[in-house]
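I set out these notebook entries for a colleague who will read them beside the model. The structure comes next.

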Amino acid sequence: MTDLTADEARRIILRAQGFLGAGSRTGGVPAMLRRVGAVQLDTISVLARSHELIAYARLGAVGRSAIERAYWHNPARAFEYWCHAACILPLEDWPLYGFRRRAYRDRRFRWHEVPPIVDKVLEQVRADGPLTTGDIGGARIDPRASGATEPAGWWDWSDTKIAIEFLLDIGEVVCTRRVGWRRVYDLAERVIPEELLADDLPDAEGVTGLTRIAGRALGVATRADLVDFTRVKGKYAALLDDALLSGAAGLVPVHVAGWPLPRAGRGAPTSTAVPNAWADPAALESEPRGRHRTTLLSPFDSLVWERARAERIFGLNHRLEAYVPKDKRIHGYFAMPVLAGGRIIGRVDPAREGTTLIARQVGFEPGGSPAKTVAAMSDALWEAASWVGCTDVRVERVSSPALEAPLRAELAR
């Protein structure tokens with residue numbers, strides 16, 4: 001078993017995630033997607049949508065059209081499906097999700113009962129696809145037809161929307177591109193290469209493959225981290241455990257100093273010699289070296305998307321406050337952690353007005369050199385501004401009074 005300090009684990013994680021070393025930029029966006037394994041999607045768009053921010057954070061000011069082409073291209077190189085959440089996934093990983101597609105088919109329910117028109121919707125896609133929800137009857141219930149006095153809620157889906165999403169869940173249709181942020185659905189048999197479509201993996205092989213991908217993408221991870229990445233539970237979580245303990249997932253046990261020990265039953269050992277994490281063996285072969293990225297991070301970035309993991313690695317207690325009442329927000333609507341020197345140095349709640357990037361609120365984490373921290377924050381803001389076509393940066397509020405004047409002076413240089 002390999003013993004790691006918390007700092008060594010952090011550096012391995014940064015390299016695995018593409019934030020440390022020049023090699024992480026090789027291959028552009030398609031290679032980045034394969035490296036991180038899953039890019040989470042979200043509807044919120046501030047500077048850009050989250051899937052764009054994730055590529056930018058690792059690669060710098062890559063063209064936004066290049067990001068879109070790498071995710072949603074013709075022919076397809078990626079598809080959308082459920083991993084950690086709704087994610088963009090490398091196309092070659094399609095067979096690994098067979099266990100999830102079969103589970104949805106057997107359950108025939110997720111958020112909604114599947115309506116009787118599901119077969120009719122499938123035939124419509126077969127005859128006329130690719131189609132959006134607008135093409136097949138709309139995504140939401142018409143409040144006038146339902147007698148509602150308020151607009152339809154987030155989950156007030158029309159029957160056609162429920163049907164098409166169920167067909168996506170079970171793999172009859174697939175989304176490999178979007179138009180105006182609307183999913184475009186087509187038959188899987190028309191989009192997924194024949195050899196991938198025919199590769200019907202047993203449940204255990206699918207879960208094992210996803211566990212291997214999660215371990216490689218995360219670099220060093222607890223069991224809980226791996227479960228969070230793959231979102232398996234019940235019998236599938238047991239298959240993940242089997243893949244770890246048998247070695248089938250290709251990950252090795254490690255002990256990271258300061259990380260929590262596994263939950264132990266009565267009489268179980270509590271020695272610090274007990275492994276408390278798993279690592280990609282390739283990540284342990286060499287010491288992480290190279291230049292650190294200085295960048296804003298989407299709250300949905302896989303480096304920080306799981307709160308317990310972010311706190312364990314960076315001491316960052318972060319919560320998305322977009323759905324918190326405005327008067328109860330601490331860091332802002334879409335506060336983005338700022339990474340510099342391999343550490344989280346602060347948070348920025350960004351917005352745009354014309355060609356000005358606005359930092360509605362800037363906060364700094366404790367510790368570190370004030371001068372270096374301020375310079376890094378300024379660099380992160382100016383690079384992000386340039387990427388989204390802004391020529392000016394304006395800070396509205398700085399929550400650390402001692403650093404407000406130095407930050408404003410640095411931004412003005």
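**Basis.** I worked from a predicted model, in which local features need pLDDT of at least 70 and side-chain atom pairs count only at pLDDT 80 or more, while totals for chains, interfaces and linings use all residues. I number residues from 1 along each chain as its sequence is written, and side-chain values use heavy atoms, with hydrogens and water left out.

Entry 1: I looked up an open sheet of 3 strands, whose order is 2-4-3 and whose pairing is antiparallel. Strand 2 (39-40) and strand 3 (78-82) are at its edges; each has a single partner strand, so one side of each lacks a neighbour in the sheet. Helices (H or I, at least four residues) and strands (E, at least two) are DSSP runs, numbered from the N terminus. Two strands pair if DSSP finds at least two bridges between them. I then took up strand 3 and strand 4 (residues 86-90), which run antiparallel and are joined by 5 bridges. Trp-82 stands opposite Ala-86 of strand 4.

I also noted helix 2 (residues 28-36), which lies across strand 2, strand 3 and strand 4 and runs at about 115° to strand 4. Axes here are lines fitted to C-alpha atoms, for helices over the stretch in contact, and angles run from 0 to 180 degrees between N-to-C directions.

**Entry 2: Thr-295.** I placed Thr-295 in strand 10 (residues 295-296). Thr-295 counts as buried because its relative accessibility is 0%; buried means under 20% relative accessible area, exposed over 50%, and partly exposed in between (1.4 Å probe, protein chains only). Leaving aside neighbours within four places in sequence, I list its contacts (heavy atoms within 4.5 Å) as Phe-19, Tyr-56, Ala-57, Pro-337, Val-338, Leu-339 and Ala-380.

**Entry 3: cavity and pocket.** I used a 1 Å grid over the protein atoms alone: a cavity is a set of points where a 1.4 Å probe fits but cannot get out, a pocket is an open set with protein on both sides within 12 Å along at least five of seven lines, and lining residues have an atom within 4 Å of a point. Grid points are joined across faces, edges and corners, and a volume is the space filled by probe spheres set on the points.

I found 1 cavity of 30 Å³ or more. The largest cavity holds about 80 Å³ of space. Its lining includes Arg-110, Trp-111, His-112, Glu-165 and Asp-169. By class, that lining has 5 nonpolar, 1 polar and 3 charged residues; Ala, Val, Leu, Ile, Met, Phe, Trp, Tyr, Cys and Pro count as nonpolar, Asp, Glu, Lys and Arg as charged, and the others, Gly among them, as polar.

For the second largest pocket I recorded a volume of about 510 Å³. It is lined by 16 residues, of which Thr-222, Arg-223, Ala-224, Pro-262 and Arg-263 are the closest to its centre. Helix 13 (223-230), helix 14 (235-246) and strand 9 (277-279) each give at least two residues to this lining.

**Entry 4: backbone.** I noted a cis peptide bond between Gly-129 and Pro-130, with omega about 5°. Pro-130 is in the loop between helix 6 (118-128) and helix 7 (133-136).

Trp-181, not a glycine, has a positive phi of about 70°. Trp-181 sits in the loop between strand 5 (173-179) and strand 6 (182-187) and is partly exposed, at 22% relative accessible area.
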